[in-house]
Amino acid sequence: MNTSRQQPRVELPELDAGLTLVDIDSDLGVTPVQSLLFDCVFAGTGGAYWVDAAGTVQTTRLRELAPDRRYLDRIHVARGFTAYQQTSLLDRLAGEHVTNPSVVVATGIDRLYRDSDVSTPHAQELLVRSIAALARVGRVHDVPVIVTRSRDDEFTEPVVNAAKTQLHCRDTQFGPRFTDAAGDVDALVYHLADGWVQTTLAYWQEVLAHRAQMHDAPVVSEETAPQIS
Amino acid sequence: MVLTVDFRSSGDVVHWALTDDGVARTVHEGYTPTLFVGDTVRNLYGRRGGSTPTPPDRDGLSDSLLELRTVLSGQDAVADIQCESHRQTFRTDPRPILRIDAASIDAVRRIAQRIQQFNHPAEYTCYNVDITRQFRYCLETDTSANPDQSVRSLRSLTLSIPAHKSGHASLTHLTIDGDAAGPTPEAAVNAVDRSVRERDPDVIVVSTADLIPLLFEAADTHDVPHFELGRASGYTKLAGESTYTSYGQVGHSPARYTVPGRVVIDESNTFFYHEAGLAGCLDLVDRAGLPLEELGWASIGRVLTALQIRAARDRDVLVPWQAWRPELFKPAATLDAADRGGTTFAPAVGVHEDVHELDFASLYPNIIRTRNISPETVRCGCCDSDDVPDLGYSICETDGYLPTVLGPLIDARSSIKDQIEETTDNAERERLESDSSAIKWILVSCFGYQGFSNAKFGRIECHEAINAFAREILLDAKTALEDAGWRVLHGIVDSIWVTPASDRDQRSLATVAAEVSDEVGITLEHESEFDWVAFCPMRNSESGALTRYFGKRRHEDRPSAGEVGDAIKTRGIEARQRSTPPWVTTVQEDALCVFDETRSPDAVCDVLHRHLTALRRGDVATDDLVVANRVSKRADAYTQETLIVAALRRAQHHGTSLAPGQTIRYVVVSADGHGIDRVRLPFEETQSYDVDWYEDAAIRAIESIVSCVGWENEDIRQYLADTTETTLESYLGGE
Ligand SMILES: [Zn+2]
């Protein structure tokens, strides 16, 4: 798969402990978040806890991305389907059953609170409560917490205020690029000599295989996994 | 034993029961409906949540509940506040919480909303808040919801106006039990008044609930003295019109009205009355304990919820207001296995001879029952066993409540089925079939309901477990049948189609089915035998469509030429779809008959040719060309100018607006034309139609049939172009 002779440079932003809000160009889907999640799992010893309110836990994609199937046993997922379930789940993250996480992910944190059966002031309160619960988890376990939102508007302003870092993942002509407003982070995920990239599954598979190797994390070469040169 | 319950603005409740010659009216003064409030959800599903959710014991109320009690005491909406112990979920023990008696039925929700706004968000969990009022009354006062027809049979009266009419003028079209009421609105109102007084009905069936305010208004306008529909004065609006989304489908729920002392059933807003008639509804009232008027407008999910609420009360478990219960964390690997859904064996496209269909009887409900699947038993936390195939979830050793809810329904349905087989009395059979139909819908829905996020007692893990068992059962059955010399042609959810494998001897299907039934604990029935079955490919593809097939049942003769009757079973093709115009259905059914006789795509296309000739001559009645589509959104919300939009606009032009969830009927007169002139509505009695549009529809219907022998749309068109005369074969087959 990799045709360049030199060891390619594959970058993903290093996440600090605490809340990181990631806004992603919609063309890229949830894959950049899944990649950040895997990257933290490679680097750490524990698992990932992913609370999804956006309907984006796609295990097919996770399975395809994983450089080794065994990573799927280290990623713990739970989906909220109502605003109330989401609230309970975020509570549970702070519970005794969550041990030694390497990363915590909450996708679409605002989505269910926008549902019509929750009144607006109440929804705002529940959202703030959720953000506080996530920040607490980050503090208690000293791990990165990745948050995504379904919309950038006044309703999600509290998420921006609470986040230590706000990243934007853009789809550029050189491939996906993570930046933040302060200019502290600027990572073009995969530098290719010819400047031509594909943001497809194969692309991300290769990115993750390199990252896993970088962290000395296990990679198996099944027929579906990418070959590393 | 109650017929209906009225809630008066004074707070009094009037309870009506049948007597030999009429009804008995009892006033229940000072009825105070009850709700409960527990602590923050964290105690149940949160920090201490996970597999053992029981919170630590405590004696009295928590500080936060004490604070709430202080705030609520003395409020007008609150009649009384106590501390009582109850179970907040099926998996927790009773613990002291707040019991609040509301001053009136309307105060219940007001109090709950106030609690939600008090203190921190999600500080309290409320219970027994959104229970429909008559059902609540029956539960709280221990009153049977069954009107008790051993006293006497119910009397009913039906008032109808045509669907496209509205306003006072529509009353001139009003019928009372099918007979015209009168030539003027005034005469019609007088006739209704007379009929209601003379007949004293227990149930008033209306074609639309809007008739109720309309009749009262007209009585007022025309000075009809003392006009009443109820057994006391006036009427009540219970709910306004609304549009909702459920299971991804847009529905429309019209306004609801009731009158004192009688049950109102709105034909435009009832599932069970359509499916099962009054007798079937009453049978279900008895089983589910939901009073007749509320059953009338209830969805399947609501009836299932009523059954579960009764089971919960039997176990002292409260009914949560909001869906707080989340799924447990699971490894992505497990979710990946769970997400695979039901198993299907893609059908072998083409025509197969000597085919047998075997079905597992009520597979999902029986899995729930035999595998003890219930929200509190799956991943129970107290048992550490690996019970669910592929997923490794444990299932508790303690009996779950869901099997006890469904068990009686499964048994009732199979005993009704036996009675249907035995009876020779047609009226009896009809009654049994309505009962069976009402129960069937509840059984077929219980699986989907478990995965529905807002279901009161639903749980996604149950849904996953049921799926996993179903997958294993179907695969085991496949293996057993193959070992016995059968080739599996197709399998989906609970059905398997087999044919004798070539070059092999077969053990009898009855024997294999009995062995599988024993092994699985669920009966595998030999459902049907076919002379042949054709599995259709998906459109523009060579692989098989999962649910499109047709076949000739063995030993069933077709009733007469051109009629399909029970002899040919079809699924997923145009003739089965409600939207298909009757003429297209006829073309397809004629073609099926010819296909049965000849297996020849040429002969089938000859049938098509004959029908198209009639179509082009203008010989098809426009009544047979009516398309019926479900409206999914309001006319102005559609982004494309489809025929449905044209029809909706045309209906608006005639003063009728259809809401999402309703059905729009139209004849296509000029598909390529402009705006509302592309279609006509049935009552406009048009004589013309768009020949090309209907021709395309007929060709597609024929394509569904001949695609199983490899013919595509172009092949049909080519054949038609080549055909100048219908062949002799088709005359023999079709006329
Ligand atoms: Zn157990």
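Within helix α7 (residues 272-288) of chain B, B:Asp283 and B:Arg287 are four residues apart and therefore separated by about one helical turn; helices here are DSSP runs of H or I with at least four residues, strands are runs of E with at least two, and both are numbered from the N terminus. The two side chains form a salt bridge with closest N and O atoms 2.9 Å apart, a salt bridge being a side-chain nitrogen of Lys or Arg within 4 Å of a carboxyl oxygen of Asp or Glu. B:Asp283 counts as buried at 16% relative accessibility, whereas B:Arg287, at 31%, counts as partly exposed. Buried denotes under 20% relative accessible area, exposed over 50%, and partly exposed the range in between, with a 1.4 Å probe and protein chains only.

The structure is a predicted model, in which local features need pLDDT of at least 70 and side-chain atom pairs count only at pLDDT 80 or more, while totals for chains, interfaces and linings use all residues. Residues are numbered from 1 along each chain as its sequence is written, chains are lettered from A and ligands numbered from 1 in the order in which they are written, and side-chain values use heavy atoms, with hydrogens and water left out.

Over all chains, a search of the whole structure finds 49 salt bridges. One of them joins A:Asp91 and A:Arg129, with the closest N and O atoms 3.6 Å apart. This pair links distant parts of the chain, since A:Asp91 lies in helix α3 and A:Arg129 in helix α4 of chain A, 38 residues apart. A:Asp91 is buried, with a relative accessible area of 1%, and A:Arg129 is buried at 16%. In chain B, B:Arg58 forms a salt bridge with B:Asp39 at 2.6 Å between the closest N and O atoms. Here B:Arg58 is in the loop between α1 (42-45) and α2 (63-72), and B:Asp39 is in the loop between β4 (34-38) and α1, 19 residues apart. B:Arg58 is partly exposed, with a relative accessible area of 22%, while B:Asp39 is buried at 6%. A network of salt bridges links B:Arg152, B:Arg155, B:Asp200, B:Asp202, B:Arg231 and B:Arg262.

At the interface, 34 residues of chain A are in contact with 31 residues of chain B, contact meaning heavy atoms within 4.5 Å. The two chains bury about 3,000 Å² between them, 55% of it on carbon and sulfur atoms; buried area is the accessible area (1.4 Å probe) that two parts lose on being put together, summed over both. A:Arg79, A:Tyr84 and A:Arg92 supply 24% of the area that chain A buries against chain B, more than any other three residues. Three salt bridges are found across this interface, and A:Arg79 meets B:Glu464 in a salt bridge of 3.1 Å, N to O. With eight residues, α3(A) gives the most to the side of chain A that touches chain B.

A:Gln85 lies in this helix, α3 of chain A, and is buried, with a relative accessible area of 7%. The side chain of A:Gln85 reaches the backbone oxygen of B:Arg325 at 3.0 Å. Not counting residues up to four places away in sequence, A:Gln85 touches several residues, including A:Arg79, B:Trp324 and B:Ser453.

The zinc ion is coordinated by the SG atoms of B:Cys380, B:Cys382, B:Cys383 and B:Cys396, at 2.2 to 2.4 Å. Donors are N, O and S atoms within 2.8 Å of the metal (3.2 Å for Na, K and Ca); water is not among the atoms, so sites may look incomplete. The donors follow the spacing C-x1-C-C-x12-C along the chain. The arrangement is tetrahedral because the four donor atoms subtend angles of 103 to 125 degrees, four donors counting as tetrahedral if all angles lie between 85 and 135 degrees. B:Cys380 and B:Cys383 are both buried.

Key. Four donors count as tetrahedral if all angles lie between 85 and 135 degrees; four count as square planar and six as octahedral if opposite donors are over 155 degrees apart and all others between 65 and 115; anything else is irregular. A polar contact is a pair of N or O atoms within 3.5 Å; within protein, one must be able to donate a hydrogen and the other to accept it, and residues adjacent in sequence count only if both atoms are side-chain atoms.
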